[in-house]
Amino acid sequence: MLIFNIMEVFLFNLEFLFFNLFLAIIAVLFGYLMVRTKSNILKDLFGFIWLIFLPNTIYLITDISHIYEDWPRVNFLFKIIIAAQYAIFAIAGIITFIYAMYFFERMLENKKSKKRKPSTFLAILILNFIVGFGVILGAAQRTNSWYIFTDPIRVINDSLGVLSSYKLWYTSLIFGIFANIIYFYFVNKVISWGKRLKK
């Protein structure tokens with residue numbers, strides 16, 4: 001019975017973590033399409049979808065909070081496994097976030113330029129605070145990206161709920177700062193690492 005419960009926790013974690021990773025990959029995919037397409041209409045469409053799903057990337061880091069619920073329910077071996085499970089998906093969240101943001105940066109920059117323009121830096125800086133808001137919107141209000149299409153009124157109400165709460169908008173501000181630190185510190189490292197893997 002104990003083994004069954006432990007496996008249930010493990011498999012449930014995999015299910016929702018993979019689903020959240022799937023949402024993060026959508027942002028990366030549409031970021032790529034946004035950069036590659038020549039059509040302005042498609043660029044706007046892909047960019048809109050990219051923006052909606054972008055917070056799902058770094059949101060994966062917040063899933064690690066569930067470890068406090070799982071910890072007492074599993075034995076020592078599965079504590080290690082579950083800790084590794086959350087750590088891997090948190091890293092995946094950082095990598096998908098950086099790649100999704102990097103496509104946006106490439107769209108704004110001259111591909112031959114090696115130095116980031118001040119306007120690009122400012123755009124990324126602001127966007128990361130929007131990402132922070134989106135992460136807290138999802139974490140606190142349980143607002144999903146697809147609600148933009150299925151229940152836009154709820155998205156508006158949930159957003160107002162975050163803005164009306166000092167604690168929530170302050171937390172979203174902190175997360176925006178965190179997102180900026182992650183991106184600007186790790187982007188060159190992650191992209192270089194990805195290019196080396198392709199060789």
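This is a predicted model: local features need pLDDT of at least 70, side-chain atom pairs count only at pLDDT 80 or more; totals for chains, interfaces and linings use all residues.
Now its partner. A search of the whole structure gives 15 aromatic pairs. In one of them, the ring centres of Phe19 and Trp146 are 5.8 Å apart and the planes stand at 70°, so the pair is edge-to-face. Phe19 is in helix 1, and Trp146 is in the loop between helix 6 and helix 7, so the pair ties together parts 127 residues apart in sequence. Tyr147 is buried, at 17%.

Next, the core. The largest nonpolar core has 35 residues. Trp50, Ile58, Phe97, Met101 and Tyr183 touch the most other members. Helices 1, 2, 5, 6 and 9 each supply at least two residues. Helix 5 gives the most, with eight. A second, separate core has 10 residues, including Phe16 and Tyr86.

What does Met101 touch, leaving out residues up to four places away in sequence? Trp50, Leu54, Ile124, Leu127, Asn128 and Tyr183.

Ile124, Leu127 and Asn128 are among the buried residues of helix 6. That helix covers residues 118–141. Its 24 residues should span 34 Å at 1.5 Å a residue, and the end C-alpha atoms are 34 Å apart, so the two agree. Arg142 follows, with a positive phi near 60°.

Phe97, Phe121, Tyr183 and Phe184 form one cluster. The charged end of Lys189 sits over the Tyr185 ring, 4.2 Å from its centre.

Notes:
Residues are numbered from 1 along each chain as its sequence is written. Side-chain values use heavy atoms; hydrogens and water are left out. Helices (H or I, at least four residues) and strands (E, at least two) are DSSP runs, numbered from the N terminus. The expected span of a helix is 1.5 Å times one less than its number of residues. Buried means under 20% relative accessible area, exposed over 50%, partly exposed in between (1.4 Å probe, protein chains only). A nonpolar core is a set of buried Ala, Val, Leu, Ile, Met, Phe, Trp, Tyr and Cys residues joined through side-chain atoms within 4.5 Å. Contact means heavy atoms within 4.5 Å. Rings of Phe, Tyr and Trp (its six-membered ring) pair if their centres lie within 6.5 Å; planes under 30 degrees apart count as stacked, over 60 as edge-to-face and the rest as tilted. A charge sits over a ring if NZ of Lys or CZ of Arg is within 6 Å of the ring centre and within 35 degrees of the ring normal.
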